[in-house]
Amino acid sequence: MLLSARRFAGYVVPLLTALASCGGPSQSTDARRVFRYNQPEALTSLDPAFSNKQANIWAVTQLYNGLVELDSTLQPVPSVARRYEISADGRHYTFHLRPNVRFHDAEVFAGGKGRAVVAQDFVYSFRRLLDATTASPGGWIFRGKVLENVAGSRRIPALWP
């Protein structure tokens, strides 16, 4: 009988501890949304251009949306892109953006109001990644593949002013 009581206590105490830790925050929050993220390793950057460590990559994927994302079978599917096409030779990708995607309100925008995401925002991001002054550790992945024409020039009239 004593063994059964100990076994019962061995199950109940951890269960009660786990249930007690499941409660939300006791203090109220203001109108802003709060993102809580449990990360055991130190984050070195939340800038996608510098996300080369797994901890940073996990955090960045929670904060930003790309043209595509991976589904549960690790296949690329549209995200900010509504759909996309790949040319027969696999060298040209055309992305059609969803019309309802917007940046959050922030001081960086006129009047503090967010705006619609446009193709030029992705061009900016790729340019920044490839820019030597940014010194992104992941830039090498895209060199020779993104924002360059067949001759290797990085000047593409449709994308480069």
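**View 1. Ala-135 is an exposed residue, at 52% relative accessible area.** Exposed here means over 50%, buried under 20% and partly exposed in between, with a 1.4 Å probe and protein chains only. Ala-135 sits in the segment after helix 3 (119-130), and its phi is near 55°, a positive value in a residue other than glycine. Helices are DSSP runs of H or I with at least four residues, strands are runs of E with at least two, and both are numbered from the N terminus. This is a predicted model, where local features need pLDDT of at least 70, side-chain atom pairs count only at pLDDT 80 or more, and totals for chains, interfaces and linings use all residues. Residues are numbered from 1 along each chain as its sequence is written, and side-chain values use heavy atoms, leaving out hydrogens and water.

**View 2. Leu-74 lies in the loop between strand 1 (68-70) and strand 2 (76-78).** Have a look at its backbone: phi of Leu-74 is near 65°, positive in a residue other than glycine. Leu-74 is exposed, with 62% relative accessible area.

**View 3. Tyr-84, Tyr-93 and Phe-95 form one aromatic cluster.** The whole structure holds four aromatic pairs. Among them, Tyr-93 and Phe-95 are stacked, 6.3 Å centre to centre with 15° between the planes. Rings of Phe, Tyr and Trp (its six-membered ring) pair if their centres lie within 6.5 Å; planes under 30 degrees apart are stacked, over 60 edge-to-face and the rest tilted. Tyr-93 is partly exposed at 48%, and Phe-95 is partly exposed at 31%.

**View 4. Phe-103 and Phe-109 form a tilted aromatic pair.** Their centres are 5.4 Å apart, with 35° between the planes. Phe-103 is partly exposed at 31%, whereas Phe-109 is buried at 16%.
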